[in-house]
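Here is a short briefing to read alongside the coordinates.

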Amino acid sequence: MPIAKTAEEQKQIQEQIQKKIQEQNLINTRKNQIYNGLIARGLTHDDTLAIMANIEHETAGTYDPAIKQGGSNIPDKDWFEKPVNSKTVGRGTGLVQWDNRRGALKKFAESKGRSWSDLETQLDFIVHELETTEAGAFKKLGEAKTLAKKAEEKHQVGTSILYSVNQSKVAIAN
């Protein structure tokens, strides 16, 4: 980075640095909330790291529960209610980019009196799916002996909650 020549340039650089620090602090806070939240819901350390690797990939490292595929600005009403061909237009939603099940996420949140974009709601929904619609995949995940094997098992069963551990490194902020 070239050295700033004016006080204004130095100020702009300082502002950029502060913004990056704030963004990283938010990401670290979210990572801790997700890790601690999944552990509190009964998942193992390795299973939690596998899920977090997927979340890192699906949210482009932001861990933002309100993320919509492609950074879409489509209003929620249209996002959730208008039919879409998911093979041509993705509607990935939230931490693990639920696409064809985004409506189930929204209904689950509404049944709890919360927003679909609430982090705790999405953690509850992940666990709900692992205990119901994704129970078979979760059983295979639990049987895997290593984190890499967990990623492989999850991928083989074809669940939408994929774990890309080999391509993502998860570091829990202290």
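This is a predicted model: local features need pLDDT of at least 70, side-chain atom pairs count only at pLDDT 80 or more; totals for chains, interfaces and linings use all residues.

The mean pLDDT of the chain is 80, and helix 4, at residues 102-111, is the place to start.

- Arg-102, Leu-105, Phe-108 and Ala-109 are the buried residues to look for in helix 4.
- Viewed down the helix axis, the buried residues of helix 4 fall within an arc of 120°, so they line one face.
- Residues three or four places apart point the same way because an α-helix has 3.6 residues a turn.
- Turn to the other side of helix 4 and you will find Lys-107 and Ser-111 exposed.
- Just after helix 4 comes Gly-113, with a positive phi of about 70°.

**Packing with the neighbours**
- Helix 3 (76-81) and helix 5 (119-131) are what the buried residues of helix 4 pack against.
- The axes of helix 4 and helix 5 cross at roughly 115° and come within 10 Å, and the crossing is right-handed.
- On the helix 4 side, the contact uses Ala-104, Leu-105, Phe-108 and Ala-109, while helix 5 brings Thr-121, Gln-122, Asp-124, Phe-125 and His-128.
- By type, the residues of this contact are five nonpolar, three polar and one charged.

**How confident is the model?**
- In the chain, 78% of the residues reach a pLDDT of 70 or more.
- Confidence is highest in helix 5, at a mean of 96, and lowest in helix 7 (residues 147-157), at 56.
- Over residues 155-174 pLDDT stays under 50, and the model has 48 contacts beyond four places in sequence for them.

Note on methods
Residues are numbered from 1 along each chain as its sequence is written. Side-chain values use heavy atoms; hydrogens and water are left out. Buried means under 20% relative accessible area, exposed over 50%, partly exposed in between (1.4 Å probe, protein chains only). Helices (H or I, at least four residues) and strands (E, at least two) are DSSP runs, numbered from the N terminus. The arc is that of the directions from the helix axis to the C-beta atoms. Contact means heavy atoms within 4.5 Å. Axes are lines fitted to C-alpha atoms, for helices over the stretch in contact, and angles run from 0 to 180 degrees between N-to-C directions. A crossing is left-handed if the near helix is turned anticlockwise from the far one by less than a right angle, and right-handed if clockwise. Ala, Val, Leu, Ile, Met, Phe, Trp, Tyr, Cys and Pro count as nonpolar, Asp, Glu, Lys and Arg as charged, and the others, Gly among them, as polar. pLDDT is the predictor's confidence in each residue, from 0 to 100.
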